[in-house]
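User: I would like to go through the labels used for this structure and hear, for each, what value stands behind it. Please set the value against its cut-off before concluding.

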Amino acid sequence: MVRGSTRPPHCCVVIANPNAGRVSESLVDKVAEHCSRFTPRVRVHWAGGPEDARNYAFQEVSRPSDEGTNVIVSVGGDGTTWEVVSGMIAGRGRPRGHALMVIPAGTGNSNYRSHWGETPWPLALEAALGAPDDRVRHLDLAWISELARPVVLGAGAGLTAQVLQDAREVKLTGPARLEAGLARAAARFTPYEGRVTVDGTVVHEGPTVFANVGGGRFRAWQYDVLPRSVLDDGLLDVCVAGSGTPPAALPGLLRTGRHVLEPGAVYTRGRQVVLERLDGAPLCFEHDGELLPPARSRYTLEVAAGALPVLCSPAPDRSRATAARDGK
């Protein structure tokens, strides 16, 4: 990375998901107009089908440029971000000359919060495009071995996956839908017999409320699930809530990150994480806000260190992670 550079982006490619909760033509026009202040080369793609965002991103990274950073701007929610990233790293490649910028316009928008905190997106976009070389961080991803697919924000088993099923029954929109889904799931959730293995060492075995793995701190915007996470430390954060954590108490605990201090909670890091359900039943499992079909009792996640170039704040998560480790 070149520090101190003020070279503008070579081009901005806006990929918008019209099905995301808060995407509109006026929003996309505003994003494109902001981009045009920094480069005359702005292209907009509307993702009309389920594979469109992925395909557009793949096409863009297949055209590398030596004239500056090509910025791929994802306009949508965390699901849209996952689709765009899947295209950027197709074949587990590392994009060269390209960087991702996320604009929050979905339900949870947790990727954006992990990258920029609560900064309004116009200010974040201006900071990113004003000096893109200075804003690039090479973030870690995870890879689900059994499915050969990437994880961008994080993955979860148990209660934090069940939330997505319960949220489908809620007639609300935006973050309120996920908040209500968590409350419903927590009120009736029964811990499962599980095991979590990190780098070959069993760190938890027994009744399990949830097990979360990833790099992004937040889920559904407001829940600080992995409060000690650093986006580019080359490791996957792992948080397990065991039988000492009452499921009904989790909505409040997760907002503050204090769930890591509950009896029996495990918080650690590693390069390979195995999540299992020990009774042979399918594990309730999600990643990036997508609930997977109940088909497996075991998932293996491996870190892909520094795999994704992203325009984001320099390193605010490092100071936050230090505070979290100190229990503040």
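Analyst: Contact means heavy atoms within 4.5 Å, while helices (H or I, at least four residues) and strands (E, at least two) are DSSP runs numbered from the N terminus. This is a predicted model, in which local features need pLDDT of at least 70 and side-chain atom pairs count only at pLDDT 80 or more, whereas totals for chains, interfaces and linings use all residues. Residues are numbered from 1 along each chain as its sequence is written, and side-chain values use heavy atoms, with hydrogens and water left out.

User: What do the buried residues of helix 2 pack against?

Analyst: Their partners are strand 1, strand 2 (42-46), strand 3 (70-76), helix 3 (78-88) and strand 4 (98-104). Helix 2 itself covers residues 52-61, and its buried residues (under 20% relative accessible area; exposed is over 50%, partly exposed in between, with a 1.4 Å probe and protein chains only) are Ala 53, Ala 57, Glu 60 and Val 61.

User: Why are the buried residues of helix 2 said to line one face of the helix?

Analyst: Seen down the axis of helix 2, the buried residues fall within an arc of 90°, taken from the directions from the helix axis to the C-beta atoms, so they line one face.

User: How do you know that the charged end of Arg 228 sits over the ring of Tyr 267?

Analyst: A charge sits over a ring if NZ of Lys or CZ of Arg is within 6 Å of the ring centre and within 35 degrees of the ring normal. The charged end of Arg 228 is 4.9 Å from the centre of the Tyr 267 ring, and Arg 113 lies over the face of Phe 218 at 4.0 Å from the ring centre.

User: Which residues touch the most other members of the largest nonpolar core?

Analyst: A nonpolar core is a set of buried Ala, Val, Leu, Ile, Met, Phe, Trp, Tyr and Cys residues joined through side-chain atoms within 4.5 Å. The largest has 50 residues, of which Val 31, Val 73, Val 75, Met 88 and Met 101 touch the most other members, and strand 1 (residues 11-16) gives the most to this core, with 6 residues. Apart from it lies another core, of 46 residues, including Ala 142 and Leu 292. Leaving out residues up to four places away in sequence, the contacts of Met 101 include Val 71, Trp 116, Leu 125 and Leu 311.

User: What makes strand 5 largely enclosed by the rest of the structure?

Analyst: Strand 5 (residues 136-144) has 9 residues, and 8 of them are buried, so the strand is largely enclosed. Strands pair if DSSP finds at least two bridges between them: strand 5 is joined to the antiparallel strand 17 by 8 bridges, with Ala 142 opposite Val 303, and strand 5 also pairs with strand 6 (residues 149-151) in the antiparallel sense over 3 bridges. In strand 6, Pro 150 is the bridge partner of Trp 143.

User: Is Ala 148 buried or exposed, and where is Ala 148 found?

Analyst: Ala 148 has 52% relative accessibility and therefore counts as exposed; this residue is found in the loop between strand 5 and strand 6, and has a positive phi of about 50° although it is not a glycine. Asp 288, likewise not a glycine, has a positive phi of about 55° and is placed in the loop between strand 15 and strand 16, but at 4% relative accessibility Asp 288 counts as buried.

User: Why does Glu 126 count as partly exposed?

Analyst: Its relative accessibility is 45%, so Glu 126 falls in the partly exposed class. Glu 126 belongs to helix 5 (residues 121-130), and its C-alpha atom is separated by 9.0 Å from that of Arg 37, 89 residues apart along the chain.
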